Amino acid sequence: MMKYYFYVGSFENELSVCSIDTETLQMEKIGGIPHEFRPAQLSMNHDMTVLYTANENSDGPGGVSSYSLLEPLQPMLTGDIKPGNHGPAYAALTKGGKYLIGASFFDGVAELFRVDKTGAV
């Protein structure tokens with residue numbers, strides 16, 4: 001039996017940690033990290049050691065967050081930025097990994113966030 005682990009954003013204000021068993025194809029939620037906003041879209045750095053979330057908030061500013069995956073079953077929040085608009089719905093890391101681009105379809109704003117050498121925003 002082999003298990004793979006993955007992450008799921010949600011509108012429940014939580015980043016979920018899940019697993020899938022390759023023999024039974026059974027998926028299960030094994031944990032979650034609460035967040036004040038909705039981590040709607042996820043992306044990873046090239047080494048797969050940092051997870052980025054675009055955090056939506058229909059009631060005001062959202063933002064972007066970074067999580068260290070050095071302990072993959074227990075992602076640790078390493079950065080949380082609230083830019084002042086409704087928050088990006090999408091986040092993508094630039095090819096060199098120095099910036100995270102966040103884009104909001106709500107107000108049509110795209111923003112650039114600096115990423116430090118640990119991968120945190």
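Because the model is predicted, local features need pLDDT of at least 70 and side-chain atom pairs count only at pLDDT 80 or more, while totals for chains, interfaces and linings use all residues. Residues are numbered from 1 along each chain as its sequence is written, and side-chain values use heavy atoms, with hydrogens and water left out.

Strands of a sheet pair through backbone hydrogen bonds, either parallel or antiparallel. In the open sheet with the order β1-β2-β3, the pairing of the three strands is antiparallel (strands are DSSP runs of E, at least two residues, numbered from the N terminus; two of them pair if DSSP finds at least two bridges between them). Its edge strands are β1 (3-8) and β3 (27-34), each of which pairs on one side only, and the twist averages 20° from one strand to the next (axes are lines fitted to C-alpha atoms, and angles run from 0 to 180 degrees between N-to-C directions). Seven bridges link strand β2 (residues 14-21) to β3 in the antiparallel sense, and Leu 15 stands opposite Ile 33 in β3.

Another open sheet has three strands in the order β8-β9-β10, again with antiparallel pairing. Here β8 (90-93) and β10 (110-114) stand at the edges with a single partner strand each, so one side of each is left without a neighbour in the sheet. The twist in this sheet averages 20° from one strand to the next. Four bridges join β8 to the antiparallel strand β9 (residues 99-103), where Gly 102 is the bridge partner of Ala 91.

Ser 66 lies in strand β6 (residues 63-68) and is buried, with a relative accessible area of 0% (buried means under 20%, with a 1.4 Å probe and protein chains only). Leaving aside residues up to four places away in sequence, Ser 66 touches, among others, Val 50, Tyr 52, Met 76, Gly 119 and Ala 120 (contact means heavy atoms within 4.5 Å). Although Ser 66 and Ala 120 are 54 residues apart along the chain, their C-alpha atoms are separated by 5.5 Å.

The largest pocket has a volume of about 320 Å³ (a pocket is an open set of points on a 1 Å grid where a 1.4 Å probe fits, with protein on both sides within 12 Å along at least five of seven lines, and lining residues have an atom within 4 Å of a point; the volume is the space filled by probe spheres set on the points). Of the 21 lining residues, Asn 45, Asp 116, Lys 117, Thr 118 and Gly 119 are the closest to its centre.

Key. Buried means under 20% relative accessible area, exposed over 50%, partly exposed in between (1.4 Å probe, protein chains only).
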